[in-house]
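Dear colleague,

Here is the structure for you to look through. My notes on it follow below.

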Amino acid sequence: GINAEYGGVNKMKRRNNHQTVKWFSSQISSSSSSIDPDVLSTAFEYGASEDLREQLTKIGSEMIDLEFSPAAHSFLTLSLVYHMFSPFMLFVHEFLLVFLSRLFSRTTVNGLLCRGRMHILSTEQAGRLLRLQKLDKANQPERRLLDVGGGDGGVTRCLAPFFSEVVVTEVSLVMNIRLYLAGFRAKWTSEVTDDSVGEPKFDVISCLNVLDRCSEPVKLVKQMKAKLKPQGKLLVGVVLPFSPAVEKARSWGAPREKIDVRGKTWEDHVLSLAICFFKPLGLQLVSVSRVPYLCQGDVYEPFYVLDEALFVLVASDQ
């Protein structure tokens, strides 16, 4: 689950997560119809301070407020139902997780067990952030997406309806096979170069929950920028406050390249990344949004929630 992937959820975060689970469970059991999205948007972090909004305006960016989507509601409801009615499978998964983690990385184990599903944003929310319309029979422009670190393809599937061609990269061989079986053009690589993903450039490159989990984030961002078409957009998702760690076989370690992120709060880290990291690399922040990073749970909790920032960026030299 998310607690293992992010190097351990501390006691405060685990207690807050448990309170969120209890609240959502009570809402589900007491509601005969769908829950008011405004209520859910308040319970799960989607907003930001006025100070951050003013600071974003000063640097030519904006805060785009999203709300709790039907897709997020379905994800949490299914996670809750599975946790309630499949305790045996949860214990089997936990046993296999402990055993297989001695042989393989956590990502590989999750791929083998088909666990660790996550939800970040819906297709409609992605369209709003990227200002794109879904392709249909009457509207089929040539539009290319590169999804870096696609995992099991769950998030890629949300982005795919806007593009005529989708390429996905993944460093895990098991996850790469799952992407291929899901029908995606999958590349088993950690690089974003002509040799690894092909020569044509991309209209959009998405990189969700990878920047804080790769060893060379500066190199990766430079490679992604080089593969963008003119006017192309980069969609980056990062759990904040920023806490980098790199999966190394059966353990976790520090990245080779360090990102100097200043401050303590979610808002501090948003501004720090925009001004001190992305800007020097030639990327202009178009917008930022706050969403809950939802992950399938384990024997302890039906789901886990962390704070995610979604950055939409363009090359500042175009």
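Strand S4 (residues 165-170), helix H10 (residues 173-181) and strand S5 (residues 185-188) form a right-handed β-α-β unit in this predicted model. The two strands of the unit, S4 and S5, are paired in the parallel sense over four bridges. Val167 has Arg185 in S5 as its bridge partner.

For the chain as a whole, there are 13 helices and 11 strands. The chain has 318 residues, and 51% of them are buried. Of the contacts with a separation of 6 or more, 70% are between residues 24 or more positions apart. The accessible surface is about 15300 Å², with 55% of that belonging to carbon and sulfur atoms.

Next, the interior. In soluble globular proteins, nonpolar side chains tend to be buried together. The largest nonpolar core here has 40 residues, and the members that touch the most others are Met224, Phe278 and Phe311. Elements giving two or more residues to this core include helix H4 (50-58), helix H12 (217-226), helix H13 (266-278), strand S7 (228-239) and strand S11 (303-315). H13 gives the most, with seven residues.

What does Met224 touch, leaving out residues up to four places away in sequence? Its contacts are Val148, Val192, Ile205, Cys207 and Leu234.

There is also a second, separate core of 34 residues. Among its members are Phe44, Leu235, Tyr293 and Leu310.

Regards

Terms used: Residues numbered from 1 in each chain as written. Predicted model: local features only at pLDDT ≥ 70, side-chain atom pairs only at ≥ 80, totals over all residues. Heavy atoms only, no water. Core = buried A, V, L, I, M, F, W, Y, C linked by side-chain atoms within 4.5 Å. Buried < 20%, exposed > 50% of the residue type's maximum accessible area, 1.4 Å probe, protein only. Contact = heavy atoms within 4.5 Å. Pairing = 2+ DSSP bridges. Right-handed = clockwise from strand over helix to strand, strands pointing away. Areas by Shrake-Rupley, 256 points an atom, 1.4 Å probe, with all protein chains shown as cover.
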